[in-house]
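Hi,

Here is the structure we talked about.

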Amino acid sequence: MAATLADPLLGHLIDGRYEVLSRIARGGMATVYLAVDRRLDREVAIKVMHPHLAEGGTGAEFVARFRREARAAARLTHPGLVGVFDQGLDGETSYLTMEYVEGTDLRRRLTDEGALTVGETLDTLTAILDALAAAHRVGLVHRDVKPENVLLATDGRIKVADFGLARAVTEVTATTTGTVLGTVAYLAPELVAHGTSDTRTDVYAVGILAYEMLTGTQPFTGATPIQIAYQHVNSDVPPPSDAVTWLPAEIDELVGALAARAPDERPVDAAAALELVRRTRESLDEATLARRADVTPTVVAAPP
């Protein structure tokens, strides 16, 4: 709580327009706040890039790339994508304003519940892939699909967030430091090994999400990020039925296709993956769709 109270942006007016009310989340590349757009009198989410990203020799390049990616994301209009409203620079504060989605995210739900039912998993995959398909159709790849970027609105809508930022950061830093940014648990082998990505890279991440929603655990774990990355490159994702024995072969085949190590063995894009998910759902009976893996939810201690 003390850290939140000490945040200098709380109560601050960004660009003379966005009044910062509270902090929603903090990640490796940015902090997200709830703010009020005084000009339009509406709540927005405002993502403020960490200042170090704009520093040094690559700082200007990052800001330029980020602005281009933000403009591209702003052109996407789909009910399953978080809308991008504005981006700008206020002094040293580089920011992006987006639609505010009241609710939670898939990470918190997995932490609270441990696993979803088969039907809920397939419905969530359908929503995610439908949104990603809209981006893939115009040549945009997300690159950082993970539970934190799948927002679950209180009214039941599912929205994919954070187009643009991961791509802008990765392209700038990978060439200068050899570092691939992103959540390593969901990174496709080709992104880890070669820094390359296309629509199939997003499909792989969705396959890892599917495994985690079904089993309550990630397929690869390790003490360090490099250990996890090594497994993505060198090991096949195990069938979910290895962890949850009653899961049917159709589910194993779905996850195996989405999360195939070789990009050529995956659906070519989110639209193709979506068709595969829909066919899988149609092949399962209601009793199977209603089942949930018996997994103990992760207990997260409240901050002091």
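Arg109 and Glu113 form a salt bridge, with 3.1 Å between the closest N and O atoms. This is a predicted model. Both residues sit in helix H3, four residues apart, or about one turn of the helix. Arg109 is partly exposed, at 22% relative accessible area. Glu113 is partly exposed too, at 31%.

Arg200 bridges to Asp264, with closest N and O atoms 2.6 Å apart. Arg200 is in helix H7, Asp264 in the loop between H9 and H10, and 64 residues separate them. Asp264 is exposed, at 69% relative accessibility.

Asp162 and Lys47 meet in a salt bridge at 3.0 Å, N to O. Asp162 lies in the loop between S9 and helix H5, Lys47 in strand S4, 115 residues apart. Asp162 counts as buried because its relative accessible area, 16%, is under 20%. Lys47 is buried as well, at 6%.

There is also a network of salt bridges: Glu99, Asp155, Arg157 and Lys159. The structure holds 21 salt bridges.

Now the cores. The largest nonpolar core has 59 residues. Val118, Leu122, Leu125, Leu129, Leu132, Leu209 and Val237 have the most contacts inside it. Helices H3, H4, H7, H8, H9 and H10 and strands S8 and S9 each supply at least two of its residues. Another core, of 17 residues, lies apart from it and includes Ala30, Ala73, Met98 and Leu151.

Leu129 is worth a look on screen. Beyond its neighbours within four places in sequence, Leu129 contacts Val206, Ala270, Ala273, Leu274 and Val277.

Best wishes

Note on methods
Residues numbered from 1 in each chain as written. Predicted model: local features only at pLDDT ≥ 70, side-chain atom pairs only at ≥ 80, totals over all residues. Heavy atoms only, no water. Core = buried A, V, L, I, M, F, W, Y, C linked by side-chain atoms within 4.5 Å. Buried < 20%, exposed > 50% of the residue type's maximum accessible area, 1.4 Å probe, protein only. Contact = heavy atoms within 4.5 Å. Salt bridge = Lys/Arg side-chain N within 4 Å of Asp/Glu carboxyl O.
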